[in-house]
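Hi everyone, thanks for coming. I'd like to walk you through one model today, starting with a sheet and ending at an interface.

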Amino acid sequence: MTAVFKHELRLMFTGLTAYVYGAFTLIFIAVYMMYYNLTAGYANFEFALAGASFAFIITIPILTMRIIAEEKKQKTDQLLYSLPISTVQIVVGKFFAVVLAAVVPVLIAAAYPLVLSNYGNLYLPTSYGAMFGYVMTAAALIAMGIFISSITESQPMAAGICFAVMVVNYYMVTLAEYATSSAYGSLVALVVIEVIIAFLIRHMTRNDILAEGFGFAAAAVTIGLYFYHSEWFEGLFPEILKNLSVYERFYEFVDGIFDYTHVIYFISVIVFFLFLTVQSLEKRRYN
Amino acid sequence: MIEVKNLTKYYGSHKAVDNISFSIKDGTVCGFLGPNGAGKSTTMNIMTGCLSATEGSVTISGFDIFDHPIEAKRMIGYLPEQPPLYYEETPREYLRFVAEAKKIPGGKIWDEIERVMKETQITEVADRLIKNLSKGYKQRVGIAQTLLGSPKVIILDEPTVGLDPIQVVEIRDLIKSLGRKHTVILSSHILSEVQNMCDEILIISKGKLIAYDTAENLEKMFLPRSAIEMLTDAGKEEAEAVLAAIEGIDEVKYSREENGLLKIRIETVPDKVPDIMRVLSLRFAEVKRAVLKMDIAKANLEEIFIELTNSDEPDKNTAGSPEGPAGVISQEVLEEKAEEPEKEKPASDGEEEKE
């Protein structure tokens, strides 16, 4: 694992990836800090971080697109498979390397609240709490990005899909407000999502029976529940979106709430997507 | 010791490897031979743990590649068909990563890297980016990677494909030298290459193992009798008369070469070949006929290979040996012969006459 970690880190820092990511992140944090703290005069560095989190839409695809897609394209994944290391070690090693690359600019930004506190009454715990939330959010999104990179051989494709996923993530709460809150609307939305998941399962496992089984079972249960008790579906879909949103948890950190359940949520998201990545890599052996 | 048992691999409904079993002793250089798409790479990928098998088992020095992948993989150095190189790195950085992944202790890593770089002769390009190296060097870096940690088994998939003739010779010499210390398995669709480098040969076609033996045995197996091939300027009747007086000849085939010379193929048992050859040259000289060429026709692997891989074609020994050298001078001889069949020509008393 350490070998993969060190290697991946070296690749990111000898190439441009880590620097482009760092530059983008620092520019966004700086711009929002100027806007909120210097111009508007808020004594809350966390607002700058909240604003800068928008940059993930661009920076996460930059950081993660290459990670596995390029290995597949250059056929270096065959080397990884033939080395005496497990797929879990490969994925975890890569993940930590990317997270470390993402942490470096935050370490630089960690000096900002200290600088700002010289000129105003900054409450440092919320600033650094929000910074912790910022890193956890980045880590969760990175896990998603790595998974997306593992399902394709093409870097642009990985970047494109990752960008779309990041946009959906970012606007999920806003979308949730616009999303229909009627029971029937929630039902339709859920069934559509279940069908999409079934297609994803089919793409990943090439197992029609499993995919169709899942799709029909999930849709049947959902529709059954709807007819059994349709009130449950009132406003359900927006609620689900809100609960799934990575950003929504981050904003709680920004609001000064340090909730351990949020930390566990982030860790769960990371483990879930890394698990999917391992499966996606293993699948190549069992095609 | 590598043991492969009942290995089968399906890609969807396509059977890429069909119930292959074999075992390779330590210290042999073994060649996988087969046309493109025969299942060589698939078999190698399964043996190295890069691919799962639908059925069957692979054991490397007692470790099953599916049950104990980490231990088994530690015994193997694998070079896939396309060398798995990170183009943005230098060979030294690349080898460092592989050495670390192979868990070579920190203190020994650089010595080990120096050793394999020396062995594969890439020391002078060690600090250039891999993407700027020639294909031959890239291949060497790929081979260097397999040698790190001195694994017992080195598996090379088509190691000489795409190289220029000089590089091919260099890589072949390198592989031969590896054969002294490791068990080497390589694949190729080039017969001469396998014949030249390997102790044992596995012939695979359409996913099936059709032959597995030493190169000499394979030749012997398909050639229980030996044949002498000769070219002469004698007429067919003359030749028949000469041959009738020689003992030990089982079968004779005559054919006309393009240049008008008579080609005779004489089948006999291997023990009698030298005697018959001697007598032939003397007898032809007695009747004042030149023997322009005389050779022992060995079945080469090419013939065996074609025969084995096209099982629908039953006849064997179809490929005639190319008769190049006589071509230029014989045109003259041919014309002379056509005009004056009985004209005496000076023929030497030597065993073989060459002009």
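Before the first view, one term: when I say contact, I mean heavy atoms within 4.5 Å. Angles between elements run from 0 to 180 degrees, taken between N-to-C directions. And please keep in mind that this is a predicted model.

Let's begin in chain B. Helix 1 of chain B, residues 40-47, lies across strand 1, strand 2 and strand 4 of that chain. Relative to strand 1 of chain B, helix 1 runs at about 120°.

Now to the sheet itself. In what order do the four strands of this open sheet come? The order is 2-1-4-5 in chain B, and the pairing is antiparallel. At the edges you'll find strand 2 (14-24) and strand 5 (63-64) of chain B, each pairing on one side only.

Have a look at strand 1 (residues 2-11) and strand 4 (residues 55-60) of chain B: they run antiparallel and are joined by five bridges.

Over all chains, the structure holds 24 salt bridges.

On to the interface. Here 23 residues of chain A are in contact with 30 residues of chain B. The size of an interface is often given as the accessible area lost when the parts come together. For chain A and chain B, the buried area is about 2,500 Å², and carbon and sulfur atoms give 58% of that. On the chain A side, A:Arg10, A:Leu79 and A:Pro84 lose the most area to chain B, together 24% of what that side buries.

How many salt bridges are counted between chain A and chain B? The count is one. In a salt bridge, the side chain of B:Glu100 meets that of A:Lys6, at 3.1 Å from N to O.

Which elements of chain A give two or more residues to the side that touches chain B? They are helix 1 (2-14), helix 5 (77-82) and helix 14 (260-285) of chain A. Helix 1 of chain A gives the most, with six residues. By type, the residues on this side of chain A divide into ten nonpolar, seven polar and six charged.

That's my tour; happy to take questions.

Key: Residues numbered from 1 in each chain as written. Chains lettered and ligands numbered in written order. Predicted model: local features only at pLDDT ≥ 70, side-chain atom pairs only at ≥ 80, totals over all residues. Heavy atoms only, no water. Pairing = 2+ DSSP bridges. Buried area = accessible area lost by both parts, 1.4 Å probe. Salt bridge = Lys/Arg side-chain N within 4 Å of Asp/Glu carboxyl O. Nonpolar A, V, L, I, M, F, W, Y, C, P; charged D, E, K, R; others polar.
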